[in-house]
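Please look over the sequence and the structure shown here before reading the notes that come after them. They are written for a reader who is meeting this structure for the first time.

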Amino acid sequence: MTVRRAELTVLASESRAEAWTTATRETIRLVVLGTGPAPRLVGKGPLLVDLDMLAPDHVRFAKQALSAWRGERIFLLRGVNRLAEAQAAALGASRIVRPSELAALIAPPVRTAPKPVEDPSPALGSVDRGMRALESSFAGMATGATIDPAAILETGRAMIGAIETVGILHWLDTVRDHHSGTYQHCLLVTGLAIAFARAAGLAEPDALSLAAAGLVHDIGKARVPLALLDKPGRLSLEERLIMQAHAVHGSLYLQRQDAFTPEIRDMVRHHHEYLDGSGYPDRLVADQIPTLTRMLTIADVFGAMVEKRAYKHPVPPMEAYAALVGLARQGKLDAALVDAFRPVAESLAVQG
């Protein structure tokens, strides 16, 4: 959806206000962060917030200014930061956009038919699409807003096409180059799940369900404190219980909205279950865990090992695969499925 500039209110800092004044030929309502108290804005139209969500004075200014705003709240975030995204969600963000999306968001003064351009990077295009889907989903989880299952499924379909075109190695490298943290993990797991589906010869509907579940499998982490998500050391028992609750939070959120199929919701709830009953949240065993859920668990465990975090180096792919084999021998993972996952791990090992 685009917004006519004449209808747009922009809440910006002094450093960013000049750019808005220069770039916008037509009149917009520009409200600039100053040293005094924030004005209490009243309106029902679209409002774009271009403030630093990591700066306490900017957050206070936005909170005061938006207290009576009844229209759409669009937050422009420069860079990827979970704390900034969570703060925007807490301030009632209807959606989060990036600078590259402004041209599509704000209608230009003169509409011209764009020339069709072939996407030079299907990997980057699908990764960016996945990132937007994750931002929308996590913001919805944080605020209780609805989620669009069709958009998630279409994103999953785009990722399947991209991975078939460029291969899983190039696609995962693109994820690592552009994103980090929880979103990186969700994208990595989704890519691995798609490659796993192809290696195992799954039918298209099952592959798509696995891709969609991969995208939203950790959506419940929107309810987990950021300090806990990014903690480098071992978690205490209390912290571990808080972290483990994300699987239940995510599945209940999707169930309350009647979003997605029961099969996808089951994967979201049970992707940390092990065949020997040592997993969570329901301590399921063996045949209680469906095949697609077992596959997502393998992709999730492998993805957690090979991803790069600020506090840890990635585990080499075949070393991570050896750990999967060890878990299968312990009776935690499906040995036949771990064997079917081997080509995926080997395809990543060529980079080493």
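This is a predicted model: local features need pLDDT of at least 70, side-chain atom pairs count only at pLDDT 80 or more; totals for chains, interfaces and linings use all residues.

Residues are numbered from 1 along each chain as its sequence is written, and side-chain values use heavy atoms, with hydrogens and water left out.

**The sheet**
- Five strands form an open sheet in the order β2-β1-β3-β4-β5, with parallel pairing; strands are DSSP runs of E of at least two residues, numbered from the N terminus, and two of them pair if DSSP finds at least two bridges between them.
- The edge strands, each pairing on one side only, are β2 (29-32) and β5 (95-97), and the twist from one strand to the next averages 25 degrees.
- Strand β4 (residues 73-76) runs parallel to β5 and is joined to it by three bridges, with F75 standing opposite I96 in β5.

**The helix pair**
- Helix α14 (residues 291-306) packs with helix α16 (residues 335-349) at an angle of about 35 degrees, their axes being 11 Å apart; helices are DSSP runs of H or I of at least four residues, and axes are lines fitted to C-alpha atoms over the stretch in contact, with angles running from 0 to 180 degrees between N-to-C directions.
- On the α14 side the contact (heavy atoms within 4.5 Å) is made by T291, R294, M295, I298 and F302, and on the α16 side by L337, V338, F341, A345 and L348.
- These contact residues divide into eight nonpolar, one polar and one charged, where Ala, Val, Leu, Ile, Met, Phe, Trp, Tyr, Cys and Pro count as nonpolar, Asp, Glu, Lys and Arg as charged, and the others, Gly among them, as polar.

**The loop between α13 and α14**
- Most residues other than glycine have a negative phi, and most peptide bonds are trans.
- P281, placed in the loop between α13 (262-270) and α14, is joined to Y280 by a cis peptide bond with omega of about 10 degrees.
- R283 is found in the loop between α13 and α14, and its phi is positive, near 50 degrees, in a residue other than glycine.
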